[in-house]
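Open the viewer and get ready to select residues by number. Each stop says what to pick and what to look for.

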Amino acid sequence: MDNAGIEEMFQGLGPVTVKRMFGGKGIYHLGRIIALEVRDEMLLKADETSAPEFAAAGATQWTYEGKKGKPVKMPYWSIPDEAYDDPDLMAKWVRLAYEASLRADR
C-alpha cells in the first residue's frame, strides 16, 4: 500500500506518519506507533484491553516463528474485513490502536 492509501485509511484518527522499517512500514500518530504494514498486510496495535474486541470481530494476531520453532505473539492484529468498506468502522479500529499505544506507556 502506498503512503497516500495509508493516510486515507487512518484519516478518521487524524494525520499519520509512515516510516520504513523491517522491510515494511510503521504507522505513527502523534509520535506513537499504532500499526505496521508487513508483507502487504496492515496490522493494528492492540493490548490486553482491546485484543478481545479484535478477536471477537474475527481479526487474527500476528505471530512469527521464534527460536526452536515456537510461535511468538506480537501485539498487532489484522483489521476486521468489514472495516475496509466502512470509513466509520475503520475509524473505530484505528482509534482502538491509538488507545492501546497510549496505554503501553503506563
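**Stop one: a charged patch.** Select D81, E82, D85, D86 and D88. Together these residues form a negative surface patch. Keep in mind that this is a predicted model.

D81 sits in the loop that runs between β6 (71–78) and α3 (87–103). Is D81 buried or exposed? Its relative accessible area is 63%, so D81 is exposed, because exposed means over 50%.

**Stop two: back into the strand.** Select Y76. This residue belongs to strand β6. Y76 has a relative accessible area of 7%. Y76 is therefore buried, since buried means under 20%.

**Stop three: the salt bridges.** How many salt bridges does the structure hold? There are two. Side chains of opposite charge can pair when their charged atoms come close.

Select D47 and R103 for one of them. Their side chains meet in a salt bridge, at 2.7 Å from N to O. D47 is in the loop between β4 (41–45) and α2 (51–56), and R103 is in helix α3, so the pair ties together parts that are 56 residues apart in sequence. Show the surface here. D47 is buried, at 13% relative accessible area. R103 is partly exposed, at 22%.

Select K92 and E53 next. These two form a salt bridge, and their closest N and O atoms are 3.0 Å apart. K92 is in helix α3 and E53 in helix α2, so this pair links distant parts of the chain, 39 residues apart. How accessible is each partner? K92 has a relative accessible area of 30%, which makes K92 partly exposed. E53 is also partly exposed, at 33% relative accessibility.

**Stop four: a buried glycine.** Select G24. Look for it in strand β2, which covers residues 24–29. G24 is buried, with a relative accessible area of 9%.

G24 and V94 are 18 Å apart in space and 70 residues apart in sequence.

**Stop five: backbone angles.** Select L30. Its phi is positive, at about 50°, although L30 is not a glycine. L30 lies in the loop between β2 and β3 (32–38). At 66% relative accessibility, L30 is exposed.

Move on to D40. Find D40 in the loop between β3 and β4. D40 is exposed, with a relative accessible area of 72%.

**Last stop: the wider view.** Select residues 8–100. UniProt lists this stretch as "domain: TfoX N-terminal", in an unreviewed entry. Colour the stretch by secondary structure. Over residues 8–100 the chain is 24% helix and 39% strand. Then pick the two end C-alpha atoms of the stretch. How far apart are the end C-alpha atoms? They are 21 Å apart.

Technical notes
Residues numbered from 1 in each chain as written. Predicted model: local features only at pLDDT ≥ 70, side-chain atom pairs only at ≥ 80, totals over all residues. Heavy atoms only, no water. UniProt positions renumbered as here; feature names shortened; annotations may be inferred. Helix = DSSP H or I, 4+ residues; strand = E, 2+ residues; numbered from the N terminus. Patch = residues over 30% accessible without salt bridge, like charges linked within 9 Å, V, L, I, M, F, W, Y side chains within 5 Å. Areas by Shrake-Rupley, 256 points an atom, 1.4 Å probe, with all protein chains shown as cover. Salt bridge = Lys/Arg side-chain N within 4 Å of Asp/Glu carboxyl O. Lys, Arg positive; Asp, Glu negative; His and termini not counted. Charge placed at Lys NZ, Arg CZ, Asp CG, Glu CD. Buried < 20%, exposed > 50% of the residue type's maximum accessible area, 1.4 Å probe, protein only.
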